[in-house]
Amino acid sequence: MKKILITGAAGFIGFHLALACKKRGNFVIGIDNFNAYYDVALKKEREKILSKNDISILNIDILQQSELEKLLLSHNITHVVHLAAQAGVRHSFNHPEDYIASNINGFSSLMETLRKFPDVYLVYASSSSVYGTNKKTPFHEDDKTDHPANLYGATKKSNEVMAASYRHLYNIRSTGLRYFTVFGPWGRPDMAYFFFAKSIIEKKEIPLFNRGQMRRDFTYIDDIVDGTIAAIDKESDFEVFNLGNSKPIDLMLLVQTLESFLGQKANIKMLPMQPGELLETYADIHKSRQALNYSPKIPFNEGMKRFVEWFKEFYLLEAAIV
Ligand SMILES: NC(=O)c1ccc[n+]([C@@H]2O[C@H](COP(=O)([O-])OP(=O)(O)OC[C@H]3O[C@@H](n4cnc5c(N)ncnc54)[C@H](O)[C@@H]3O)[C@@H](O)[C@H]2O)c1
């Protein structure tokens, strides 16, 4: 039986992945440090649901190497899916130290732990941000990734090259997944689609950088989970894959879609381009289609509908708590 440790299990992707792995019969255990980057209550709500499904999350930081070691040993872990990280681009402008701590030192702590468990297979989250200022679209895995537009992208790129050196030196096999703008129920409040939905309901201004002239390859959470599970099962020797939808969406269309599902108009504030942002993300998914049988199924509109249905329920609940 596969025994999977998910780091960042109280997070958006980790939560969905844990449920899906459990459902297909894997043993699943999670760790998370429950940091306050966004609403901890949301992380705790996700934890409650996992707990009802017999999945525990231990409050451990990935920097705690000896705790990781104990966990791998005591549960005979066969696979680690490493999702714990400081996510988000904007936060990196003012809090670079959070990215160095979790994404560089944290990744290093995990790799050093895995040196003692070379049979454990690693799948880790990279990001479309590694493509940085590249102009050529769609982004292909073989494109250059040495000009990240922000520190977040730089840390994700570092993870990929660190993984390469651990493969070379210590035979630690891994797959890095370059996720593209993942969205859906139980999503991250700091991401634009969530933040826009909240602002529309609260009748607050929505800042649209570059006057809305930006495109994102929105990818529904269930497709990301399927691609991640395929990577766990495939156990490539050493690979990175794009996991995106390969259909970039204009930010103006995002706003209009949210307006129509929420039944309210947005109050848009057009702003100039902000340094560190990307104009477009667009995944070439031929490689993941071929190797992982990855095939995104949920179109943007259907995914946003599902998100808004969940959001309305969650938002009302949150409003009742406050
Ligand atoms: N959501 C996206 O669109 C997207 C896109 C590209 C890449 N990613 C990557 O996928 C992974 C998961 O993203 P997510 O959207 O679920 O983010 P998330 O913030 O919801 O989940 C990350 C979880 O990791 C935990 N964490 C952070 N630092 C930790 C540490 N030092 N020790 C232990 N736990 C820690 C956080 O508390 C959080 O619950 C991240 O690595 C992120 O960078 C996400």
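The largest nonpolar core has 80 residues. Those with the most contacts inside it are Ile 6, Ala 9, Ala 18, Val 81, Phe 196 and Leu 258. A nonpolar core here is a set of buried Ala, Val, Leu, Ile, Met, Phe, Trp, Tyr and Cys residues joined through C-beta atoms within 7 Å. Buried means that 20 or more other C-beta atoms lie within 10 Å of the residue's own; exposed means 12 or fewer, partly exposed in between, with C-beta atoms placed from the backbone. In soluble globular proteins, nonpolar side chains tend to be buried together.

The model is predicted: local features need pLDDT of at least 70, side-chain atom pairs count only at pLDDT 80 or more, and totals for chains, interfaces and linings use all residues. Residues are numbered from 1 along each chain as its sequence is written.

Leaving aside residues up to four places away in sequence, Ala 18 touches Ile 6, Ala 9, Val 28, Gly 30, Leu 50 and Ile 55. Contact requires C-beta atoms, placed from the backbone, within 7 Å.

**Overall form**

The protein chain has 11 helices and 13 strands. These are DSSP runs numbered from the N terminus: helices are H or I with at least four residues, strands E with at least two. The radius of gyration is 19 Å, close to the 20 Å from the globule rule for 322 residues, so the chain is as compact as a globular protein of that length. That radius is taken over C-alpha atoms, and the rule is 2.2 Å times the number of residues to the power 0.38. The C-alpha atoms fill a box of roughly 55 × 45 × 35 Å along the principal axes. Buried residues make up 43% of the 322 residues. Of the contacts with a separation of 6 or more, 81% join residues 24 or more positions apart.

Seven strands form an open sheet in the order 3-2-1-4-5-6-11, with parallel pairing. Strand 3 (57-59) and strand 11 (238-243) stand at the edges with a single partner strand each, so one side of each lacks a neighbour in the sheet. Neighbouring strands are turned by 20° against each other on average, direction ignored. Pairing requires at least two DSSP bridges between two strands.

Strand 4 (residues 79-82) pairs with strand 1 (residues 3-7) in the parallel sense over four bridges. Strand 4 and strand 5 also pair in the parallel sense over four bridges. The table lists residues that stand opposite each other.

| Residue | Opposite residue |
|---|---|
| Ile 4 | His 79 in strand 4 |
| Leu 5 | Val 80 in strand 4 |
| His 79 | Tyr 121 in strand 5 |

In a regular strand the side chains alternate between the two faces of the sheet. His 79 and Val 81 point one way from strand 4, Val 80 and His 82 the other way, and all are buried.

Helix 6 (residues 151-170) lies across strand 5 (121-127), strand 6 (174-179) and strand 11. Helix 6 runs at about 155° to strand 5. Axes are lines fitted to C-alpha atoms, for helices over the stretch in contact, with angles from 0 to 180 degrees between N-to-C directions.

**The ligand shell**

Around the ligand stand 28 residues, the closest being Gly 8, Gly 11, Ala 85, Ala 125 and Tyr 179. Helix 1, strand 2, helix 5 (96-114) and strand 5 each give two or more residues to this shell. Helix 1 provides the largest share, three residues. A residue counts as near if its C-beta atom, placed from the backbone, lies within 6 Å.

Key
Two residues are in contact if their C-beta atoms, placed from the backbone, lie within 7 Å.
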